[in-house]
Amino acid sequence: MFGTDYRFVPEHLRDVLLAAYDRHCDAEKMLQQIEEGGLEVYDQYRRNERWDGRQTKGGECRCLQLLLEARKRLMNRMFHQTEETYRRFSEINDTLLDLSRKTCKKIVALYEAWLKDEEEEWRNDCQVCGRIIAEGWEEKETFSGDENADETGSDSDRMIGIIEEVGERDLLHIEFSGSPDYTLGDEWNWEREVDSSLLFSYGGAKPYGDFVMCRAFQHLYSESLYSHHDILRIKMFWADVALTHQRIVTPQGKLL
């Protein structure tokens, strides 16, 4: 079921991980076992980070991802869509759509400024990158188990912190390499970068309507390690846009 990645899961957690995918299991009970296993693996992951660098972290990182995927599945089973949660998802989608468009606009502005103002000996190439990430973790002085649990029984604060450490964080990522003779023409369809054209309709029944998901929201909702409950606890979204100035020369120092 998990391919060769199964070898990264400690033996005493393998049955727990498999049981989490049984649709007849007690989701709340399994969630507690999955999170306890995740915290155990995470402790080892951090110890290796502290003492062994990155040499032994790859397997533990993948194990955490598998456990968090199972956690998401269990929590989503316990999620009950309401008119209020639908409204909040729609609001998050609108926020990410607006942030995505502003990110694209800033990318264009940075590139055009580089074309106009770059000093001659650096007018060779540049790398432009824009991304959007989510931040749901909130630092607290102490963690003491049950008092941090949400309505599902999840220790969401700690779990979200782990998700943001070992998961793929980019909800939207746009990157290209530009040069003075390169123009952002029709081949750069920014709306295609932003929109997914997929409808959000929980369960297919559309009791509260539906909306078109932007790519960032679609990734957050369907592909990230965040459960539906986690998404509603996210504190902020932010965009990073950067331009890297590049000067590329031959071994003889000739500008390429």
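Residues count as buried under 20% relative accessible area, as exposed over 50%, and as partly exposed in between (1.4 Å probe, protein chains only). The structure is a predicted model, in which local features need pLDDT of at least 70, side-chain atom pairs count only at pLDDT 80 or more, and totals for chains, interfaces and linings use all residues. Residues are numbered from 1 along each chain as its sequence is written, and side-chain values use heavy atoms, with hydrogens and water left out.

The protein chain contains eight helices and five strands. Helices (H or I, at least four residues) and strands (E, at least two) are DSSP runs, numbered from the N terminus. Read from the N terminus, the order of elements is α-α-α-α-β-α-β-α-β-β-α-α-β. The chain has 256 residues, and 45% of them count as buried. Its accessible surface comes to about 14,300 Å². Carbon and sulfur atoms account for 48% of that surface. These areas come from the Shrake-Rupley method with a 1.4 Å probe; for residues, only the protein chains shown count as cover. Contact means heavy atoms within 4.5 Å. Among contacts between residues at least 6 apart in sequence, 72% join residues at least 24 apart.

Two packed helices are described by the angle between their axes and the distance between the axes. Helix H4 spans residues 83-117 and helix H7 spans residues 215-223. The two pack at an angle of about 135°, with their axes 7 Å apart. H4 is therefore oblique to H7. Angles under 35 degrees count as roughly parallel, over 145 as roughly antiparallel, 65 to 115 as roughly perpendicular, and the rest as oblique. Axes are lines fitted to C-alpha atoms, for helices over the stretch in contact, and angles run from 0 to 180 degrees between N-to-C directions. H4 contributes Phe-89, Ile-92, Asn-93, Leu-96 and Ser-100 to the contact. H7 contributes Ala-216, Phe-217, Leu-220 and Tyr-221. Seven of the residues in the contact of H4 with H7 are nonpolar, two are polar and none is charged. Here Ala, Val, Leu, Ile, Met, Phe, Trp, Tyr, Cys and Pro count as nonpolar, Asp, Glu, Lys and Arg as charged, and the others, Gly among them, as polar.

Asn-93 also touches Val-212. Val-212 is placed in strand S4 (residues 211-214). Val-212 counts as partly exposed, at 46% relative accessibility. Not counting residues up to four places away in sequence, Val-212 touches Ser-197, Leu-198 and Leu-199 as well as Asn-93. Val-212 and Leu-198 are 14 residues apart along the chain, and their C-alpha atoms are separated by 5.6 Å. Ser-197 is found in strand S3 (residues 195-200). Ser-197 counts as exposed, at 62% relative accessibility. Although Ser-197 is not a glycine, its phi is positive, at about 70°.

Asp-240 is partly exposed, at 32% relative accessibility. Leaving aside neighbours within four places in sequence, Asp-240 is in contact with Cys-129, Gly-130 and Arg-131. Asp-240 and Ile-132 are 108 residues apart along the chain, with 6.5 Å between their C-alpha atoms. Ile-132 is also touched by Arg-169. Arg-169 lies in the loop between helix H5 (156-166) and strand S2 (170-178). Its relative accessible area of 25% makes Arg-169 partly exposed. Beyond residues up to four places away in sequence, Arg-169 touches Ile-132, Ile-133, Ala-134, Glu-135 and Glu-164. The C-alpha atoms of Arg-169 and Ile-133 are separated by 5.7 Å, across 36 residues of chain.

Glu-118 lies in the loop between H4 and strand S1 (125-135). Glu-118 counts as buried, at 11% relative accessibility. Not counting residues up to four places away in sequence, Glu-118 touches Ala-113, Arg-123 and His-245. Glu-118 and His-245 are 127 residues apart in sequence and 8.7 Å apart in space, C-alpha to C-alpha.

The structure holds zero disulfides, a disulfide being a pair of cysteine sulfur atoms within 2.5 Å. For Cys-63, the closest cysteine sulfur is in Cys-61, 9.8 Å away, which is too far for a bond. Cys-63 counts as buried, at 0% relative accessibility. Cys-129 counts as partly exposed, at 22%.
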